[in-house]
Amino acid sequence: MNIQTRQQADCLIVALQGRLDTTQSEAAERQVNEALASAPAKLIFDCSQMDYISSSGLRIFLIAHKKMTASSGSLRICCLQPSIREIFDMSGFSMIFSMFETLDDALAG
Amino acid sequence: METPEHTHSLQLSNQIDELSRLAETIDQLQVQWQLPVSLVMPLNLALEEAFTNVVNYAYDDDKQHLIELEFSLSGDTLTVSIRDDGRAWDPTQKEDPDVSLPAGDRPIGGLGIFLIKKLMDKVHYQRIENKNQLTLTKHISQ
């Protein structure tokens with residue numbers, strides 16, 4: 001798992017790349033928390049390169065959602081691969097998160 | 001019961017790092033057994049959840065334990081059994097989380113077993129000779 005963050009306009013984009021499984025989730029959670037520590041007003045998870053997720057990875061999204069809600073920020077998710085989108089649907093996460101097909105849509109949305 | 005056309009055994013120690021060997025095995029079986037590529041992710045996910053539950057909750061000591069996986073393919077039915085020598089625990093009895101709750105009311109975690117049940121067609125638990133055996137069955141549609 002590789003995590004890249006970048007600022008674009010008023011938005012912090014966190015790109016998750018690779019496998020978000022139980023072996024990776026602790027390090028990934030730490031990096032996401034570091035990104036959240038700056039209390040961004042807008043955060044987008046770009047998942048275009050994320051090709052696997054398990055419940056330990058889903059947990060990170062839920063924690064981020066709770067933190068962003070607590071700081072009155074907005075959180076969006078874009079570019080989920082279809083197989084991962086299915087897992088989000090099953091878990092009820094598709095109803096919790098604002099999800100977008102493309103990064104441009106998420107930036108504009 | 002008809003004889004499976006293919007079988008494969010995998011022994012993993014009770015270390016989370018072993019997940020990489022599990023993923024490699026699933027990739028290999030996908031090729032060797034000509035399984036649909038679309039099966040790799042859900043199978044990997046269901047087995048990861050089952051395996052990590054055993055590693056995290058089954059043992060009361062710090063010793064090394066072996067977790068045995070048996071894959072078999074018979075016609076269009078793929079079966080994987082996971083055996084461990086941990087304390088008796090039937091994950092199929094765990095109550096499903098309410099996935100319709102808003103984010104603020106959602107507990108962090110508790111999705112693993114639910115996902116196994118959603119992704120597989122059948123999940124069956126047995127306690128056999130002081131071992132837990134969880135058997136996952138998936139009917140393959142090409």
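This is a predicted model: local features need pLDDT of at least 70, side-chain atom pairs count only at pLDDT 80 or more; totals for chains, interfaces and linings use all residues.
**View 1. A:E29 and A:R59 form a salt bridge.** Their closest N and O atoms are 2.7 Å apart. The pair links distant parts of the chain. A:E29 sits in helix α1 (residues 22-36) of chain A, and A:R59 in helix α2 (residues 55-70) of chain A. The two residues are 30 residues apart. A:R59 is partly exposed, at 33% relative accessible area.

**View 2. A:D89 pairs with A:R85 in a salt bridge.** Here the closest N and O atoms lie 3.1 Å apart. Both residues belong to helix α3 (residues 82-90) of chain A. They are four residues apart, about one turn of the helix. A:D89 has a relative accessible area of 41%, so this residue counts as partly exposed. A:R85 is also partly exposed, at 32% relative accessibility.

**View 3. B:D96 and B:K117 meet through their side chains in a salt bridge.** The N to O distance is 2.9 Å. This pair links distant parts of the chain, 21 residues apart. B:D96 lies in the loop between β3 (77-84) and α3 (112-119) of chain B, while B:K117 lies in helix α3 of chain B. B:D96 is partly exposed, with 42% relative accessible area. B:K117 is partly exposed too, at 29% relative accessibility.

**View 4. A network of salt bridges links B:E68, B:R83 and B:K131.** Side chains of opposite charge can pair when their charged atoms come close. Over all chains, the structure holds nine salt bridges.

Definitions and conventions:
Residues are numbered from 1 along each chain as its sequence is written. Chains are lettered from A and ligands numbered from 1 in the order in which they are written. Side-chain values use heavy atoms; hydrogens and water are left out. A salt bridge is a side-chain nitrogen of Lys or Arg within 4 Å of a carboxyl oxygen of Asp or Glu. Buried means under 20% relative accessible area, exposed over 50%, partly exposed in between (1.4 Å probe, protein chains only).
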